[in-house]
Amino acid sequence: MTRLKPTLIAVGLAALTLSGCSAKEAKSSQTALAEKIVLPGPVVSVAQGEIEGVNQDGINVFRGIQYAAPPVGELRWAPPIAPAAWEGVRDASDFGPSCIQPPVPPVSVYYDPPESASEDCLSLNVWAPEHAEDAPVIVWIHGGSLRIGGAAQPVYDGTAYAERNVVFVSINYRLGVLGWLAHPELIEESPGGLSGNYGLMDQIAALEWVQDNIDQFGGDPSNVTVMGESAGALSVTYLLTSPIAEGLFDKAIIQSTNTRNFAELGEASYDLPAAEMEGVNLFKTLELKTLDAARAADPQELTNRSTMAGYAPAGTIDGTYVPRQLNEAFDDGEFAKVPVLAGFNSGEARTYRMLLPRKPKTPEAYEDAIRARYGNEAEAFLALYPADDMEESMLAVNRDNVFGWSTERIVRSAAQAGEPAYLYVFDHCYPAMEARDLCAFHASEVPFVFGTVGTPESYPPRWPQPEVDEVEALASVLVDYWASFASTGRPESANGPAWAPYSDDEAYLHIGDKPELRHDAYSGMFEFHEALYQKRRAAGEGWFMRVGLNAEPIE
């Protein structure tokens, strides 16, 4: 359990040191002594040794705790292994480096470069109430399209959860080509014939570390919630369907996931080549002749060049860590039966306008294009995505195909399995968002659910920043909901409405200026996209982003 490390210089020793000095000498000695005194920090024993964190206003914070050995050399593209033990007390006051990642254009709203990055990055951080005992635990998996981000980003501060008696853990995991590459040589050297999903293996290793160690911080290993946004939410979705992660968590919070089709090891499927062929093609492009040459490559240069070559990290259907296409696993009940809280944002696609097709010149041209693609389904499409505001309709169909339908599908599956399942739609827009036409954009809920929304230094430089009084009350209610769900499986707040489960007539929490319970989010949306998915899947076609003006004709 947590204990305090003795101060470097005891008060009695200080008195002895100063005795017999003149007033001037005493004052000088006091000043020098004050500079030498090290205030006590909380000390915890974990499997590998002791660590000393810091106490911040009654919250014990431990940063940069190594949960796996550095994945370098022969461990690049290998499952994580336990870190080596250490002697003495290791300092845990500073974040570890983020994982290697490519640069992001400074004009992006998501531009937030890490202070440091390294291939030796498999660390986690813990915020715990000072006197926690059997407290619920949240494990946060950051977003960033599996290629950028890190647990040290200020917006992910766990203080608001620790203040609500939750032990909060945030983790790093391998990103980009270093975390998700599949390749035939990796399959050949793997005892299980596996390749890819190394970042997912890291996440599972971190959850195993939590099971083994979190009680030392006052957390309850039998009450763990995995929580993630965007790529982190996708990771939580992988974990829900992974038998390797079974028993490592008890609830799931999923913010803006997707269930698109993924490449499979060993065979082409749904318009995608076998997963390992992408590795073969990437090595050819980068002129890497062997796996040894790739392991010897500079990690930053390899990541940058892979990104420029078009490598897009994603999970691999490998039969083990991700056994099947996600939708198929949910359809057949092959997922963790745990309470789920999941949702998406009304403006998910607003920061991804570059993915939109060219807008037709007239509403009539838009309708003609939709009818040519959707045939008998065209009127149903146009009822959901009408021509009177083409850009909004184009944004909405991408939102629903990628995020809305996928999220509601998971919530439905959990509810049908008899688990408490809660759906939300984040639809909040403060003036700075509205001024940039970014209302409820992708990830804009994150500062709210961390309670960091009123802290300007928490934001990336290009993020539209609100005035504190515009957002604090709503943020407090949302953290209440998230924290209580982690504790009991029921999202509750004394300052918000009762949040009914989805099984109550498709109930969902609409998060606008304030939370409001509603029913049947975007009526007809789920049914339309589900029918479209079933047709694509039956035809052996992929279903990701093949909608609207990007759709091939529906047979």
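Mentor: In this predicted model, the side chain of Ser306 reaches the backbone oxygen of Leu302 at 2.7 Å. Ser306 belongs to helix H10, residues 299-308. An α-helix has 3.6 residues a turn, so residues three or four places apart point the same way. With a relative accessibility of 1%, Ser306 is buried, since the cut-off for that class is under 20%. Beyond its neighbours within four places in sequence, Ser306 has contacts with Val177, Leu282, Leu286 and Tyr311.

Asn172 sits in the loop between E11 and helix H4 (176-180), and its relative accessible area of 3% makes it buried. Its side chain reaches the backbone nitrogen of Ala151 at 2.9 Å. Setting aside residues up to four places away in sequence, Asn172 touches Tyr67, Gly96, Pro97, Ser98, Cys99, Cys121, Leu122, Ser123, Gly150 and Ala151.

E10 is mostly covered, with seven of its seven residues buried.

Helix H7 (residues 231-241) packs against helix H6 (residues 198-213): their axes come within 11 Å and cross at roughly 75°. The two helices are therefore roughly perpendicular to each other. From H6 the contact takes Leu200, Gln203, Ile204 and Leu207, and from H7 it takes Ser235, Tyr238 and Leu239. Sorted by class, this contact holds five nonpolar, two polar and no charged residues. H7 has 11 of its 11 residues buried, so it is largely enclosed by the rest of the structure. Ser235, Tyr238 and Leu239 are among the buried residues of H7, as are Ala231 and Thr241.

The axes of helix H14 (residues 390-416) and helix H18 (residues 525-538) come within 9 Å and cross at roughly 95°, which makes H14 roughly perpendicular to H18. H14 contributes Val397, Asp400, Asn401, Gly404, Trp405, Glu408, Arg409 and Arg412, while H18 contributes Met525, Phe526, Glu527, His529, Glu530, Tyr533 and Gln534. By class, the contact of H14 with H18 comprises five nonpolar, four polar and six charged residues.

Arg350 is buried, at a relative accessible area of 14%. A polar atom of its side chain lies 3.5 Å from the backbone oxygen of Cys439. Apart from residues up to four places away in sequence, Arg350 touches Glu392, Leu395, Asp437, Leu438, Cys439 and Phe441. Arg350 and Asn398 are 48 residues apart in sequence, and their C-alpha atoms are 9.9 Å apart in space.

Notes:
Residues are numbered from 1 along each chain as its sequence is written. This is a predicted model: local features need pLDDT of at least 70, side-chain atom pairs count only at pLDDT 80 or more; totals for chains, interfaces and linings use all residues. Side-chain values use heavy atoms; hydrogens and water are left out. Axes are lines fitted to C-alpha atoms, for helices over the stretch in contact, and angles run from 0 to 180 degrees between N-to-C directions. Helices (H or I, at least four residues) and strands (E, at least two) are DSSP runs, numbered from the N terminus. Angles under 35 degrees count as roughly parallel, over 145 as roughly antiparallel, 65 to 115 as roughly perpendicular and the rest as oblique. Contact means heavy atoms within 4.5 Å. Ala, Val, Leu, Ile, Met, Phe, Trp, Tyr, Cys and Pro count as nonpolar, Asp, Glu, Lys and Arg as charged, and the others, Gly among them, as polar. Buried means under 20% relative accessible area, exposed over 50%, partly exposed in between (1.4 Å probe, protein chains only). A polar contact is a pair of N or O atoms within 3.5 Å; within protein, one must be able to donate a hydrogen and the other to accept it, and residues adjacent in sequence count only if both atoms are side-chain atoms.
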